Amino acid sequence: MADLSDYTFLVTGSAGFIGFHVSRALLGQGAEVIGLDNYNDYYSPALKRDRDRELRRHEKFVSIEADLADLPAVEALFANHRPQKICHLAAQAGVRYSLINPFAYQKANLEGFLNLIELAKRHQVERFVYASSSSVYGGLTELPFAETQRTDTPISLYAATKRANELIAHAYSHLFGLPTVGLRLFTVYGPWGRPDMAMWLFAAAMLKGEAIKVFNYGQMERDFTYIDDAVQGILGALTAPDLDAYEIFNIGNHRTEPLRKVIALLEQELGVKAKQELLPMQPGDVPATFADVARARAKLGFNPAIPIESGIPRFISWFKEYHKPEQD
Ligand SMILES: NC(=O)c1ccc[n+]([C@@H]2O[C@H](COP(=O)([O-])OP(=O)(O)OC[C@H]3O[C@@H](n4cnc5c(N)ncnc54)[C@H](O)[C@@H]3O)[C@@H](O)[C@H]2O)c1
């Protein structure tokens, strides 16, 4: 890995799940990190503040509270801190929520994205890495998903905005030579994870003795990526030499796991039998994801190493610790 101690990175969504871990890893390598987040209440802002508090322990971390859609605020950030590389992870995430609150996606994922990439261009940043999503593969059934497959059939607004990000990045790379790297992340999980995602929802419900909602009657398969593996891939995207001006990579575990196996591992770790409410497929969701990671291996040195058999126990151990009642 290159020496990062001379670098200033802008990490957007630094109080979010993945942004927190990426910021921590960059700081651990001696880089300066400017972290931006708006602490919105899509899920617990307290959890976001807790992550930010952890990051503020590092002397080379600068925390900025601002909304990406606020162009003057983002302009001021660039003028004051002059980041050399950008890791853009802030977004309105979630497939299901995009059916309920479409304008949150317009603001964060379209307006916010355009503001940031335009400033990246104006300030001639060395690399603009941004989170896309496995959801851009839409309803494709040919597995595993490879970057060469067509992705013009998104089946949710969330997926459409992520695909739009890739198309905007292509135009900026082509027109202005801005080096961009889009990462199609596949279901990332682990400590400090997201309370709106299945793994957290299941663990929380099981500990309370409540039923878990199992969609598509349990006929779901996901490529689950442990957070440390995702971070390794993201750091590769920020530092790998010899990338083209426009790049797209899958970041997954290259394994697809049935949901029932996840439930069984959670039962084992929590010592609780899950009560299951079997429900039909949710609109916008896909039955299976599976990442072909050959490109990321070859160009980013990406090497996913943590299967769910060891990742789920690590998540549960953190989950229990985080929710432990305060002791005097
Ligand atoms: N976690 C996954 O499995 C997964 C899978 C595919 C893609 N992604 C993408 O990866 C990125 C990070 O995901 P995550 O799981 O860490 O999500 P997250 O919701 O935990 O983090 C996103 C952060 O961005 C912040 N944010 C949102 N809109 C903002 C705005 N307009 N201005 C400033 N901050 C804003 C939020 O407050 C949040 O802290 C997102 O772009 C997401 O779409 C995640």
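1. A residue is taken as buried if 20 or more other C-beta atoms lie within 10 Å of its own. By that count, ten of the twelve residues of helix 1 are buried, so this helix is largely enclosed by the rest of the structure. The buried residues include Phe17, Ile18, Phe20, His21 and Arg24. The model is a predicted one, and the points below should be read with that in mind.

2. Just after the helix, Gly30 has a positive phi of about 90 degrees.

3. Helix 1 also belongs to the ligand site. The ligand is surrounded by 28 residues, and the closest are Gly13, Gly16, Ala90, Ala91 and Ala131. Two or more residues of this shell come from each of helix 1 (17-28), strand 2 (32-37), helix 4 (102-122) and strand 5 (127-133). Helix 1 gives the most, with three residues. By residue type, the shell holds 15 nonpolar, nine polar and four charged residues.

4. Strand 1, residues 8-12, is mostly covered, with four of its five residues buried. It pairs with strand 2 in the parallel sense over five bridges, and Leu10 stands opposite Ile34 of strand 2.

5. Strand 6 covers residues 180-185. Six of its six residues are buried, so the strand is largely enclosed by the rest of the structure. The burial applies to both faces: Thr180, Gly182 and Arg184 are buried on one side, and Val181, Leu183 and Leu185 on the other. Arg184 has Ser132 as its bridge partner, within a parallel pairing of strand 5 and strand 6 that has six bridges. The chain goes from strand 5 through helix 5 to strand 6, and this β-α-β crossover is right-handed.

6. Strand 6 has a further partner in strand 11 (residues 246-251), which runs parallel to it and is joined to it by six bridges. Here Val181 is bridged to Glu247.

7. Helix 5, residues 157-176, contains Thr161. This residue is buried, because 24 other C-beta atoms lie within 10 Å, where 20 or more are required. Leaving aside residues up to four places away in sequence, Thr161 touches Tyr105, Asn109 and Leu110. Its C-alpha atom is separated by 28 Å from that of Ala298, which is 137 residues away along the chain.

8. Helix 7 (residues 227-239) reaches 18 Å from its first C-alpha to its last, close to the 18 Å expected for its 13 residues at 1.5 Å a residue. The helix is mostly covered, with twelve of the 13 residues buried. Among them are Ile227, Asp229, Gln232, Leu235 and Thr239.

9. Some backbone angles deserve a check. Most residues other than glycine have a negative phi, and most peptide bonds are trans. Against that background, Arg82 has a positive phi near 45 degrees. Arg82 is in the loop between helix 3 (71-81) and strand 4. It is exposed, since 12 other C-beta atoms lie within 10 Å and the exposed class takes in residues with 12 or fewer.

10. Tyr217 also has a positive phi, of about 50 degrees, although it is not a glycine. This residue is in the loop between strand 8 (211-214) and strand 9 (221-222). With 11 other C-beta atoms within 10 Å, Tyr217 is exposed.

11. Which two residues does a cis peptide bond join? They are Leu143 and Pro144, with omega of about -5 degrees. Pro144 is in the loop between strand 5 and helix 5.

Methods: Residues are numbered from 1 along each chain as its sequence is written. This is a predicted model: local features need pLDDT of at least 70, side-chain atom pairs count only at pLDDT 80 or more; totals for chains, interfaces and linings use all residues. A residue is near a molecule or strand if its C-beta atom, placed from the backbone, lies within 6 Å of it. Ala, Val, Leu, Ile, Met, Phe, Trp, Tyr, Cys and Pro count as nonpolar, Asp, Glu, Lys and Arg as charged, and the others, Gly among them, as polar. Two strands pair if DSSP finds at least two bridges between them. Two residues are in contact if their C-beta atoms, placed from the backbone, lie within 7 Å. The expected span of a helix is 1.5 Å times one less than its number of residues. A crossover is right-handed if, with the strands pointing away from the viewer, the path from the first strand over the helix to the second runs clockwise.
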